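Please read them with the structure open.

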Amino acid sequence: MSDLNATSEDILERAEIDKSVRFPVMLFFTSAAVWLFVATALGFLSSLKLAVPTMFQDMPIFGYGRLFPAHMNALVYGWAMQAGMGVILWIMVRLTRVGLGRLQSTCVIVAGHVWNFAVGLGTFGIIFGAGRSLPWLDFPAWLWPLLGASYLLITIWVIPMYRVRRAGGVYVSELFIIGAAVWFPWIFITANVFIGNGAAPVMAAGTNAWFISNLIYFWFAPVSLAVAYYIVPKIAGRPIYSYPLAKMAFWALAILAGWTGFQRFMGGPFPAWMPAISGAASVFILIAVIATATNLLMTLRGRSRLWEFSPSLRFTMFGMFLLAMYGVLAGLNAYFPVGKYLQFSHFLVGLDTLAVYGFFSMTIFGAMYFIVPRITGCEWVSGGMIRWHFWLSAYGILTVVLVMLVGGIAQGGNMADYATRFGLSVENSQGYVIGRILAWLLIGISNLWFVYQMGLMFIGRGRKTEGPTLIHVEPGSVATSEAAAGLTSEEVV
Amino acid sequence: MSEHPADSSENRLRATVAGALTFVSFGLLAGLVLWIADFKTGAEATESGQFTPAQIEKRDGNLKEVVSAQDSLFDQKKVEASMASFSASSAKASSMIVPGSETDLKNIAGNAAKAAAEKAAAAKNSEDPLVPAQTAPAPESKPKKSNEGKAKGGKAAGAQQSK
C-alpha cells in the first residue's frame, strides 16, 4: 500500500489533517450508522406490512403508506447523505491537503446536529401523518429550508479547500466531489421551490421523478465514483489507468444526468419529448458507467486478488459492480417496450433500493472501513465481522433486486393484461414480497455487525495492536493487503 | 499549511462567499423562472387583480352554470330517503365472502370434499369397466388427513347453509 512509501513529514501532515476533521466526520459516520439501523428496521417492517396488511391495522402509524416513506427518507437523508457528507469532507481535506479550521469545524458540527434534528423531525412527521406523499421529498414542506441551510453550512467548505488546495493538480475525485456538492442544492432547491408553489399535480409528480433520478446521478453516483477513484488506486498501489477516461465519465454524467427523470412516466400526461429525452439520457449514461468500469478494472489488472483481503477494496468494487448493474437496469427501464410494463411495479422499488443501499452504500462502507481507523487511531475489531457484514449485505441487496425485478415483471405483466383483475397482480407478487422481507432481514443482521463495530470505534474500543484489520488474515499478522495477497508494492500514488 | 501561496484568508473568504452565492443563486434562479412565467393559482390571480371585471363576471357566470347543471342532477329528497332507510336498518353480517378468509377456505374444502364424494359415488355406480371403483382409503395411506378434510368441509358447508 502506498502508505508504506510515505515520508515522516507526509505521515505527520496527514495526521494533522485527519485530526482537523475527526469530530465532524465521526459525527456524520456514527449518526449515519444509527439512522441506517433505524431505516433498515423500517424497511423490514414496511415489507412485512406489505405481506401481512392486517398486522397493526388499527394503528395508522403502522400503515404501509407511512412506514415505507419513513424508511426511504431515513435511508436517503439519515444514512446515505450523512455518510456521504462525512466521506466528502475527509477525501477533500486529504486530497487538497487543507484541513478544517476550528471555526469551520464547529460550524460543520452544529449544522450536522441541525441536519440530524431535521431528519428526525421529518421522519416522525411522516409516521404521524404529516408527510407530503412525494417520494424522497416526503418530509413536511417547512423542513426543507432547514435541511438546505444545514447542507450549505456543511459542504460549503469544500469550495475554499479546492480553491486554496496545496496539491498541484486536480484529482478526479475532487471533480466528482465538487460536482456533487454543487449539484445537490440545485436539484433540491429547484424541486422544492417548484413543487411548493402550487405546481399542477402532474408537473409536481414529474419534478419529483426528476429529483429522484438526479439525486441518484448527481449526488450518489459522483460521491461513489469519488470514493472509487480514491480507494482503488490507493489499495492497488498504482495510479488510475486513464485520467482522460475518468474525466470523460465525469463530463458525461454532468451533461446527461440533468435530463433524466421523466422516463419514469413514459406514456404519461407529459409532452412526448420529455420522457423520450429522459429515456435517451438514461441510456447514454451507460457511457460513463462503461468508462468507469473499464478504468477501475484496468487499474486493478493483475492485482485483483487484493479484494479478497482488503475490506475497503472489496466493498468499493462490489459497489461499482452494483453501479454498473444499476446503469444497465435503469437504461432498460427507460426503453419503452420494457418500461411500459415495469414503471408502476415493484421493479422501481428494487431499482431505487439498488441505488441507495446498493452501489452507494457499498462504496460508502468501503470508504468508512478505510477512513475510520485513520481518524480514530485504532483498527476495526474483527475481519470476520467485516466479512459477515459484506456477505449478508451482498446477499441481502442482490435478493432485493432479484425479487423486485422478477416480481415487477410478474406484477407488470398482470397489470398490462386487461382481461385479468387488478387483484391478481397483487396476489401473484406476494411470494416476491416475502423474498423482500427476508432480504431486509439479512441486511438488518449485517448492519447489526456494522453498527456494533462502529460503536466500538466511536468509544475508542477498537483494536490497538499493530497492523490493519484484513479479511481472511489474523489481525496484525501482515502489514498490508498486498503482503496478504502475496503481491509486491509498486509505486506511490 | 498556510505557507502555500494560494492559501490566504482572502482567497478562502472569496471562495466561501462564491460558493454560498452559487448555492443561493439556484433558489434565486428558480424564483426568477416562477416570476417570469408569472405563475399564479386561480385565487392568487383574482386577488392580484389580474382579471378585468368583465373576465371575473364571465368566470362567475361559467361557475354558476356548472354548479346549477350539477345541482339539477342531484336529488336531495332521494338522498335523504336513502339515508333514512340506511339508518333504520340494523347492522348485520354481510353475505359477501372475502376471498382467502376462513369462511372462504372452509367453503373451498367443503366443495372439494363434496365433489370427491360425488365422483366416488359415480365411479361406484358406473357400469363402465374402464372406470375403477373408488375404494375407501387403507388405514396406512394417510386416512386422517382426508377424513379431516371431509369433516371440516361438511361442517363448513353446514355453517354456510345456516347463514
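1. Into which domains is chain B divided? The model is a predicted one, and in it chain B has domain 1 (1-39), domain 2 (52-86) and domain 3 (102-162). Taken over C-alpha atoms, the centres of domain 1 of chain B and domain 2 of chain B are separated by 54 Å.

2. Confidence comes next. The model has a pTM of 0.79 and an ipTM of 0.71. For chain B the mean pLDDT is 73, with 68% of its residues at 70 or more. The pLDDT is below 50 over residues 133-163 of chain B. Beyond near neighbours in sequence, that stretch still has 26 contacts in the model. Where pLDDT is low, predicted coordinates should not be read in detail.

3. On the interface: 18 residues of chain A are in contact with 20 residues of chain B. The side of chain B that touches chain A is made up of 10 nonpolar, 8 polar and 2 charged residues.

4. In chain A, look at helix α8 (residues 243-256). At 1.5 Å a residue, its 14 residues should span 20 Å, and the end C-alpha atoms are 20 Å apart, so the two values agree.

5. Which residues of α8(A) are buried? They are Ala246(A), Ala249(A), Phe250(A) and Leu253(A). Viewed down the axis of α8(A), the buried residues fall within an arc of 95°, and therefore they line one face of the helix. Their packing partners in chain A are α6 (172-196), α7 (201-236) and α10 (286-299).

Notes:
Residues numbered from 1 in each chain as written. Chains lettered and ligands numbered in written order. Predicted model: local features only at pLDDT ≥ 70, side-chain atom pairs only at ≥ 80, totals over all residues. Contact = placed C-beta atoms within 7 Å. Nonpolar A, V, L, I, M, F, W, Y, C, P; charged D, E, K, R; others polar. Domains from an automatic or database assignment. Helix = DSSP H or I, 4+ residues; strand = E, 2+ residues; numbered from the N terminus. Expected span 1.5 Å × (residues − 1). Buried ≥ 20, exposed ≤ 12 C-beta atoms within 10 Å, placed from the backbone. Arc of directions from axis to C-beta. pLDDT = per-residue confidence, 0-100.
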